[in-house]
Amino acid sequence: MSGGHKACIDSAPRCGKIILHTNRTVQINMNPTLTTPWQNLSALAVETGSTHMRQLFEVDAQRAERYRTKACGILLDYSKNRINDNVMTQLLALADACQLGARRDAMFVGEHFNNTEDRAVLHTALRYQGKEVIRVDGHDVLPEVRAVRERCYAFAQRVRSGEWKGFDGQSICDVVNIGIGGSDLGPLMVCEALKSLASGPRVHFVSNVDSAHIVATLKHLNPATTLFVIASKTFTTIETLTNARTARQWLLDAVGGDESTVAKHFVAVSTNREKVTAFGIDANNMFGFWDWVGGRYSLWSAIGLPIMLAVGPENFDALLGGAYEMDEHFRTAPLAGNLPVLLAMLGIWYVNFLGARSHVIAPYNQTLHRLPAFLQQLDMESNGKGVRRNGERVAYATGPVIWGEPGINGQHAYFQLLHQGTSLIPVDFILALRQTGTLPNHQRTLAASCFAQSAALMRGKDADEVRAELTARGMPEQDIPLAIPHRVFSGNRPSNTLLLDELTPRSLGSLIALYEHKVFVQGVVWDVNSFDQWGVELGKQLASGIEAVLGGATNAGAYDASTQALIACVRELLR
């Protein structure tokens, strides 16, 4: 840390307790392009960046062993990357030159790392299980974290046990989470991933303000046995509140307008007590969180209430435990064996030195089918920034486009682009080797497909190999030259393979935390604030005004000609 803004560490040897707190906001501004490792990497990209990985494997019999590491039940094989020892040495030196260690430590102990909003960044405190005391502005946050979690657990148990009753005395069978962004993507992804462990009420998610989403969700539900969780920190998010009001009216229509029933069928994850109670929700059933918890990092908080309802507090505890294990690995492991650091710096290599502008997430377990969407928000909302922390425009590429779908389906869809397209697109293959309820013969096919794709992307198939295959098939010699170019695979297309021993709440927690910290490391190197999201604000501001115009409240003249014409079309249709 710079400027003497160091964490204060007070030891209490007798009980082993360490108190960590900080005094002021960390300020470390580092233009990465001015560092020696950046210059060295630029030269290495020219010298070795196009060397074919097939050749790298041929000359290095130990490559697969040297470029792999394992922690928290996750094996990372990064041997199928366009790297050598020199590249890896300089990538890790770049992380060190950008003061990764100091910035990481500042985040973990509650510095106001989110400098544009003057906030701490402490989602790690939500899953912390050690003996330290973590202070933000002199205040120990852990007692409050644990108190809210216990309230959530107690509520979840009441619902799961059947103790919580609806308006006519029936127990809850269905829960509908109404939120958007981090209040939807995280809990939804985890509930899907752990679906085989679900033992509570059926959990549904509504996020889109398109009425088709909530109408389809409510269509087959019984108001008497349905509970709604309204997830909005401020209780002002327009999409969430629009859906919440629709759900409220659906309930009231079923009970003849009896307002007292709302408190039996609605709870809130929010910090706005006034608006929550005005909606009709009992303040005792409002579960809060803190401004140092960003939405895309919030599933570990009360935002995870749907997860607790679906799989129970014990499994949620295991989820937190896995994340904490990855936190400790990130904090303590040397850079050369640090999973988040390795993933992050490999991404830096492709984005900043080899020209990649997107990155694919390809999970092979079907229950992880919402992981790409979750990581899309986590990564792109965090590092999709065009200015450095000090407000200067960046002069280098930052966050890539993150996209993907389950790999098995992708093989018959977007993998064509990965294998033979003109863009360099690194891939993360993710596979859990064991999972509750899987069939062995299916699992063998799943693993074979995953490994085959990464191998094919790496090695490719040259013209001589294609010619030999076509000749062996009996294709006429005169047809072969035209056929060859369409069947050649250039190969040399990079990928990481992440193998989970088993898909459990604990390993899932570790996997999510791994990607959280990967994003953090890349933000450090790019010197951007990974914890604000000002880019979402302008559209929301304009939407509010346009909605008023569509309702006839104001003049459309304040907007550009295209927007005015579109507004006119809608107003005509809505007459």
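Predicted model: local features only at pLDDT ≥ 70, side-chain atom pairs only at ≥ 80, totals over all residues.
Local features are given where pLDDT is at least 70 and side-chain atom pairs where pLDDT is 80 or more, while totals for chains, interfaces and linings use all residues. Residues are numbered from 1 along each chain as its sequence is written, and side-chain values use heavy atoms, with hydrogens and water left out.

**View 1. Helix H7 packs against helix H15.** The axes of H7 (residues 182-193) and H15 (residues 371-383) lie 9 Å apart and form an angle of about 145 degrees, where angles run from 0 to 180 degrees between N-to-C directions and helices are DSSP runs (H or I) of at least four residues. Gly182, Leu185, Gly186 and Met189 in H7 meet Leu371, Ala373, Phe374 and Gln377 in H15, contact meaning heavy atoms within 4.5 Å.

**View 2. Leu508 belongs to the largest nonpolar core.** This core, a set of buried nonpolar residues joined through side-chain atoms within 4.5 Å, has 122 residues, and those with the most contacts inside it are Trp292, Leu305, Trp349 and Leu508. Leaving aside residues up to four places away in sequence, Leu508 touches Met189, Val190, Ala193, Leu194, Leu319, Leu368 and Leu503.

**View 3. Helix H20 has a buried side and a face turned away from it.** In H20 (residues 480-487), Ile480, Ala483 and Ile484 are buried, that is, under 20% relative accessible area, whereas exposed means over 50% (1.4 Å probe, protein chains only).

Notes
Helix = DSSP H or I, 4+ residues; strand = E, 2+ residues; numbered from the N terminus.
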